[in-house]
Amino acid sequence: MSQAIAKVNYKKGNVTYESESFMSEKYNTYVYKMSTLEKTPFSCRVTMERKQDAYTSALNDDTLVLNGIITYKDGEMYGKGDEGMCFSGLLKVVTDGKTASDKKSISVVNATYIIIFATFSLCKIYFTSFT
């Protein structure tokens, strides 16, 4: 398969919602679009979270960044401790609605569509002891 777009339509009340998504390998970007076919405005909240080893912050009213590092303790399952993987994500919201951010999310109000662009990267970190 060289091209694919996942597409779903569903109805809630008198409003038909359409969501589409795809992954661009060339740009290492996930793209998600949600819209209403009748151009009926909707509101939503967008965030990027992980329960541990990471933090999310808003760069401005339409962009979030997620950064983290996974560290391991010494143990049979992991080997010698202090080795981990760092990761980072960047999420941008494009919409015809109004956006506002708090520290960890973006609120979208009165939109007829929202497009989310998300990209992620990984790296391996090797810690050394300073003692």
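I count two strands as paired if DSSP finds at least two bridges between them. The model I am working from is predicted.

Next I checked strand 8 against strand 9 (residues 105–111). They pair in the antiparallel sense, over 4 bridges. Which residue in strand 9 stands opposite Ala100? I found Ser107 there.

**Entry: salt bridges**

I applied the cut-off of 4 Å between a side-chain nitrogen of Lys or Arg and a carboxyl oxygen of Asp or Glu. The count comes to 4 salt bridges. I noted several of them.

Glu18 with Lys7: the closest N and O atoms are 3.5 Å apart. Glu18 sits in strand 2 (residues 15–24) and Lys7 in strand 1 (residues 6–12), so this pair ties together parts 11 residues apart in sequence. Is Glu18 buried or exposed? I read a relative accessible area of 12% for Glu18, so it is buried. Lys7 is exposed, at 52% relative accessibility.

Arg45 with Glu49: the side chains meet at 3.9 Å, N to O. I found both Arg45 and Glu49 exposed.

Lys92 with Asp62: I read 2.8 Å, N to O, for this salt bridge. Lys92 belongs to strand 7 (residues 83–95), and Asp62 to the loop between strand 5 (54–60) and strand 6 (63–71), so the pair ties together parts 30 residues apart in sequence. Lys92 is partly exposed, at 35% relative accessibility.

Methods. Residues numbered from 1 in each chain as written. Predicted model: local features only at pLDDT ≥ 70, side-chain atom pairs only at ≥ 80, totals over all residues. Heavy atoms only, no water. Helix = DSSP H or I, 4+ residues; strand = E, 2+ residues; numbered from the N terminus. Buried < 20%, exposed > 50% of the residue type's maximum accessible area, 1.4 Å probe, protein only.
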